[in-house]
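Hello,

Here is the structure I promised to pass on. Please look it over, then read my notes below.

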Amino acid sequence: MFLGSQRKGVLVLIAVILVAGLVFHLYDKFSPPPGGIIVKAEKDHLKDSEKISSPSTIYVQVYGAIKNPGVYKVKKGTRLFEVVNMAGGPSPEADIRSVNLAKVVEDGEKIFIPKIGEVLGSSSTRDEGAQGKASKLVNVNKATVEELERLPGIGKTMAKRIVEYREKNGPFKEPSDLLKVKGIGEKKLEKIRSMITF
């Protein structure tokens, strides 16, 4: 009986020592160093600074045979097919086979989605052989009245309005901006959409 009580006492003593050791270890691990500076928090702060200096989002413009052309904010490393989906998908007449949907888009890139049978293109989505064709596009922010008149449905009066509008309000950023010019509606815009650039 005495031996049993003695063994029980030894076990209780060992348990107390183990618990005390664990408490001391945890206190030593989580207590801040002298001066109250927590090194881990300082490291986390540095990581946040690095994230700020290296943005994870970029801006890409997609236009042409697309349902909702415009500028889209996407994550770095996004593929073209993802941008196309964000823009509502290609329009029924889009020649989606002529573009590389698997390519990774870049910040500030302007991507043109052509229509089936369209001869005009964009160097950002076609190979070097199409770059010459892309030069035939009319830059509505730089073109003269005479150059704008070459666009279907754009006469001298309308061309002057386009020039006057951009001089007063600044450059056009996307096709839909042309709707702000008096006399240009959705139908007229569709006729020239694939023939203009910015």
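First, a term: buried means under 20% relative accessible area, exposed means over 50%, and partly exposed lies in between (1.4 Å probe, protein chains only). Strands are DSSP runs of E with at least two residues, numbered from the N terminus.

Two notes on the source. The model is predicted: local features need pLDDT of at least 70, side-chain atom pairs count only at pLDDT 80 or more, and totals for chains, interfaces and linings use all residues. Residues are numbered from 1 along each chain as its sequence is written, and side-chain values use heavy atoms, with hydrogens and water left out.

Start with strand β1 (residues 57–64). Six of its eight residues are buried, so β1 is largely enclosed by the rest of the structure.

Now its partners. Two strands pair if DSSP finds at least two bridges between them. β1 runs antiparallel to strand β2 (residues 70–75), joined by six bridges. Five residues separate β1 and β2 in a hairpin. Y59 has K73 of β2 as its bridge partner. With β3, β1 pairs in the parallel sense over four bridges.

Next, K110. It sits in strand β3 (residues 110–113). K110 is buried but has no salt bridge (a side-chain nitrogen of Lys or Arg within 4 Å of a carboxyl oxygen of Asp or Glu). The nearest side chain of opposite charge, E174, is 9.8 Å away. Lys and Arg count as positive, Asp and Glu as negative; His and chain ends are not counted.

What does the side chain of K110 make a polar contact with? The side chain of T197, at 3.3 Å. A polar contact is a pair of N or O atoms within 3.5 Å; within protein, one must be able to donate a hydrogen and the other to accept it, and residues adjacent in sequence count only if both atoms are side-chain atoms. The K110 side chain also reaches the backbone oxygen of F198 at 3.3 Å.

Best wishes
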